[in-house]
Amino acid sequence: MTDSARAAIGNVLELHGIHQLYGTGDAQVHALRGIDLDVAAGEYLAIMGPSGSGKSTLMNLLGCLDVASSGTYKLAGEDVNDLDERELARVRNREIGFIFQSFNLVSRMTALQNTELPLAYGGVKYAERKRRAMEALEAVNLTHRADHRPQQLSGGQQQRVAIARALVTNPTMLLADEPTGNLDSESTHEILAIFDQLAAQGRTIVIITHEETVAERAHRIVNLSDGLIISDHRSPDRTTAAHKRLETAR
Amino acid sequence: MKFGDILLSALRGVTANKLRSILTMLGVLIGVGAVILLMAVGNGSAQRVNSLITSLGTNTLTIRPNGGSGSSEITLAVADKLAHAGLGHVSEVVPESTTSLTVSSTSASEEDVSIIGTSSNYFKVATATVASGSAFTSADVTDAAKVAVIGSTLASDLYPTGSALGQSVDVDGTPFTVVGILAAQSSTGFNDPNVEVIAPVTRIQRSYTGFGALSALLAQSKTSAGVNAAQGELGVELNQLLGVSTTTAAAASAANSTTSLPYSITNASTLLSTAEASATSFTVLLAAVAAISLLVGGIGVTNVMLVTVTERTREIGIRKALGATRGAVLGQFLAEAAILTLLGGVLGVVVAVFLAQFQINGTQPVIIGYSIPLALGVSVAIGIFFGVYPAGRAAAMRPIQALRSI
């Protein structure tokens, strides 16, 4: 696929001249120093970099958890910098599905209730909410654990609940921050297989990681260092590779 | 996020830490319960005082001498003339000559018993009624007979084994025959009305108090509505009988003061309004003390909500990342505070209503209707007021900061 063809599909993310500054005076940290990045719909992108490279800062900006000091960020064609608190909450609810390193499930709620939570904030009716949450749990093969609380689930299962919760609103983009960082190799394999499957279905996935093995599964790898993009590789055959793995897995 | 969802997640928050929620509710419970119960106690004691004063008879007037002497003394002759003056609103006037003496039987003795010398009509005017035997007659008064009607407690003290009726009691050495025993009465003042001796005024004056001024006159108006008219008539008649000059009387009535007159007249309604005023301030005082405990309960709610917000910062971050608006987070924490105070308040009402069934220090509490919605309303208002600060802090948190906390 050529770059022009990609543009025709439409970019989900468009970042332009993004700078992020923290603190003031001597303590000032220049976390991002001018990031330009476009992500097309259906891309499976890994953002890599050593700690302190600014990848967490970038992730927070992409997830609308934080606002850039300067530059423009368009998510699904909407300029996020122009949005107020309420609209940002809506964007986080509708456009983004978060998957965190530490799962971030609400411990007092069951897997099903956790999965329902974004729909509740989206104002979806109770019955509809339950149905869609069960569908999302089915997509990660966890319907038999729907009534379990997070502490009754293994790490891999908790992360699968988190993926179900991210999927349930049918968001524009899945945003995963070191999703396998707290998992053993078997669970890691399980989670990455789910990501492959989602990518094959045409989901836009942005995954932030420092692990080569995780990044290798993506279609495109962006390397960050000192708040700047130092490399941006696309491998056309990655898509097929992902498909192949999916086939053999079946 | 719908209202029901906010309520549900608030309920989950409240039940997440049961012990803490229960202790917080206990603070509110005690506050609300104390407000309702103490107001009920104040109200109950006010009602008790009122009923005691009403039992004195609302159409009873008391005339007391103001230290007059000579022609302005209120003597038995004055009382007789007043009783037969044919005043339109006055039905009875009876004399009272009182003293305090030792009364004894052959087996027992009581000191400082109040001795009331009066006429046979006394029992129509005063609340005292003869339970057994009979009152002395007007003939007994004319004869200055040594007969007496005694209080029920005194009767059983002097004659613990049998009836005192028909027996003889010794009043400071003079023997009296007991012709009647009074029904038991509730106490209205310092003297126990069940320990008294009522005898013909003529006998009491002859034997003990002398033929000078009486202690008081009791008068009764024909109707309760006519009390003030009766008071006026008595005043005019007394001024004539005691030789009070018209200028003195006019000056006294203009100044609304009786200090220049040889007598003063009071009735139960003036007593009643005084008692009501003091009862109201008593209730307000009790309510103020209780309100402080309600305030302390409210501060307890704030404290718990602040701790909850700090503890659940990460949860707030998660919720915000999933699309919770400021309003939804604010709503959840406010609802938690409201649930804590409302539950505590309702339980406080239940406890107060239960405890109000029992006498407290001899007073039967009477719950004031408006105190229940007042205390409940104030407790929820306190919950919301004191919950706003922690909830506002939670809602204003940036999701990224909230997520970073452990």
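Which residue in strand 9 of chain B does B:Ile63 stand opposite? I looked this up before anything else, bearing in mind that the model is predicted. B:Ile63 stands opposite B:Leu217.

**Entry: strand 9 of chain B**

I followed strand 9 to its neighbours. Strand 1 of chain B, residues 60-65, is joined to strand 9 by four bridges, and the two run antiparallel. Strand 2, residues 90-104, also pairs with strand 9 in the antiparallel sense, over six bridges.

I then checked burial. Strand 9 covers residues 216-221, and six of its six residues are buried. I sorted them by direction: B:Ala216, B:Leu218 and B:Gln220 point one way, while B:Leu217, B:Ala219 and B:Ser221 point the other way. Side chains in a regular strand alternate between the two faces of the sheet. Here the residues on either side are buried.

**Entry: helix 7 of chain B**

I listed the buried residues of helix 7, residues 201-209, as B:Val201, B:Thr202, B:Arg203, B:Ile204, B:Gln205 and B:Ser207. What do they pack against? I found helix 3 (76-83), helix 5 (138-143), strand 2, strand 3 (109-118), strand 7 (174-182) and strand 8 (196-200), within chain B. Just after helix 7, I recorded a positive phi of about 85° at B:Gly210.

**Entry: B:Gly117**

I picked B:Gly117, which lies in strand 3 of chain B. Is B:Gly117 buried or exposed? I counted 28 other C-beta atoms within 10 Å, so B:Gly117 is buried, the cut-off being 20 or more. Leaving aside neighbours within four places in sequence, I found B:Gly117 in contact with B:Ser97, B:Ala199, B:Pro200, B:Val201, B:Arg203, B:Ile204, B:Gln205 and B:Thr209. I also took the C-alpha separation from B:Glu96, 21 residues away along the chain, and got 5.6 Å.

**Entry: chain B overall**

Of its 406 residues, 45% are buried. Among contacts between residues at least 6 apart in sequence, 84% join residues at least 24 apart.

**Entry: the sheet in chain A**

I traced an open sheet of four strands in chain A, in the order 2-1-4-5, with antiparallel pairing. Strand 2 (29-40) and strand 5 (78-79) are at the edges with a single partner strand each, so one side of each has no neighbour in the sheet. Inside this order I looked at strand 1 (residues 11-22) and strand 4 (residues 70-75), which pair over five bridges. In strand 4, A:Tyr73 is the bridge partner of A:Leu15.

**Entry: helix 2 of chain A**

Why do I call helix 2 of chain A, residues 55-62, largely enclosed by the rest of the structure? Seven of its eight residues are buried, so the description holds. I wrote them down as A:Lys55, A:Thr57, A:Leu58, A:Met59, A:Asn60, A:Leu61 and A:Leu62. After the helix comes A:Cys64, with a positive phi near 60°.

**Entry: where chain A touches chain B**

I found 20 residues of chain A in contact with 16 residues of chain B. On the chain A side, helix 3 (85-94) and helix 4 (111-121) each supply at least two residues. Helix 3 gives the most, with six residues. I sorted the chain A side by residue type and got eight nonpolar, six polar and six charged.

How values were computed: Residues numbered from 1 in each chain as written. Chains lettered and ligands numbered in written order. Predicted model: local features only at pLDDT ≥ 70, side-chain atom pairs only at ≥ 80, totals over all residues. Contact = placed C-beta atoms within 7 Å. Nonpolar A, V, L, I, M, F, W, Y, C, P; charged D, E, K, R; others polar. Buried ≥ 20, exposed ≤ 12 C-beta atoms within 10 Å, placed from the backbone. Pairing = 2+ DSSP bridges.
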